[in-house]
Amino acid sequence: MASVRLIFSSLLFSLLLCSIEGRNNIPLTEEEDLELEKELQSLNKPPVKTLKSFTGDLFDCIEMYKQPAFDNPVLKNHKLQIRPSFQTKRKVTTDGNFKLPLDPGFNDTCPLGTVIIRRTRKEELIMAKELPKYFRHYDSRYDLLDSSGKNYSHKARYHGIQCGITTWALPNVGPDQSTTNQVWMLGDLDGPKEDLNVIQTGWHVRPRLYDDKFTRFFTYYTIDNHKTGCMNLLCKGFIQVSAIFGPGHAFTGSDLSTYGGKQAYFSFEIRKDPELGHWWLSTADENLGYWPKEVLPSLDVAKAIDFGGVVYSPNNEGSPPMGSGYLAEEGMGKSSYFMSVSYIADDQHAFTPGKDWARGLLTAPDKYYQIIAPIPDGGPWNVAYGGPGGLFNSSVV
């Protein structure tokens, strides 16, 4: 499969070109099929109530203390944290169309004491083993720079990120293609490469996985540098605390931007709890849940944070659109943006890294994708990125 990756990092921003070979069909033995059915039952707990979203998805209201994550052996003695020890406050400011609350798209709600979990389909579990390669980090150069250009390898320490991402509908993504807009939080880059822990979240369009072209919120983590990994709640790791919104939800209607018109932003924060060490994921006004420290043994702090886009396509197809589907040079209201990006330091305060903390690398023609980040001497980072796609690439990683 051909792929293009565009990222902006506090340590580097780049446009990378690479490709992956993939399988369109994953044959199963009878034993594997039985194992999948068993796992499906384990993930889809008996619901207190079931809601159907406007996208046709089923979301189950599961008793908070009976959610699948607690079946993970490493969480055997885990004590549920209902809310983070810090007060979540949004510091992202944009135009008057900035949308804080998220519309979950239900005509009903989950009862008190339950959490909302999208029901897992068998087809998703079949694809689960293929997913890590789509989220893989392609060996960007992680160097912290001072104003003289001198490298300070892996000295950064981040406890979180705050930002907003414009959300867009991308109906031109093909059935075997995908486009992803996300944040990467990478753990100990100085340790063994095979033990790298990474958290990723954002929105994507992935028709083959969901059997639709909706723009969906997702979460992902890996503890072995993407040899394996877990998207959304397809395995037992992320602990959900919200009864309103969670992984797998789709953005539609007023939650999507329009070209030259209203801009909708998905505002979120990933932040390490200073007391218990869990990594919390929150939206502008809702704590969604957290990755327990037990499932991320090598993510005491993030040594690098990247944000940007990734697209994939079979080798015989042009690459799909990224971001809004328009080039970064078109600017606000037309291009896709990461807005008011800031980081959480050791002292738990948000800050914007300095101008000399970034450098650029462009390895693909900018008629397909662009990234524009005029890094200010002070103030927020607003990064435009994306493009229409159409790039053919036959190289193999």
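C230 has a relative accessibility of 4%, so C230 counts as buried; buried means under 20% relative accessible area, exposed means over 50%, and partly exposed is in between, with a 1.4 Å probe and protein chains only. Its disulfide partner is C235, with an S to S distance of 1.9 Å. A disulfide here is a pair of cysteine sulfur atoms within 2.5 Å. C235 counts as partly exposed because its relative accessibility is 25%.

A word on the source. This is a predicted model, where local features need pLDDT of at least 70, side-chain atom pairs count only at pLDDT 80 or more, and totals for chains, interfaces and linings use all residues. Residues are numbered from 1 along each chain as its sequence is written, and side-chain values use heavy atoms, with hydrogens and water left out.

How many disulfides does a search of the whole structure find? It finds two. C61 and C110 form a disulfide with sulfur atoms 2.1 Å apart. The pair links distant parts of the chain, 49 residues apart: C61 is in strand β4, and C110 is in the loop between β4 and β5. Strands are DSSP runs (E, at least two residues), numbered from the N terminus. Both C61 and C110 are buried. The torsion about their S-S bond is about -80°, so this disulfide is left-handed. Counting bonded cysteines along the chain, the pattern is 1-2, 3-4.

Next, V74. V74 also lies in the loop between β4 (58–63) and β5 (114–118). Leaving aside neighbours within four places in sequence, V74 is in contact (heavy atoms within 4.5 Å) with E294 and V295.

Terms used: Helix = DSSP H or I, 4+ residues; strand = E, 2+ residues; numbered from the N terminus.
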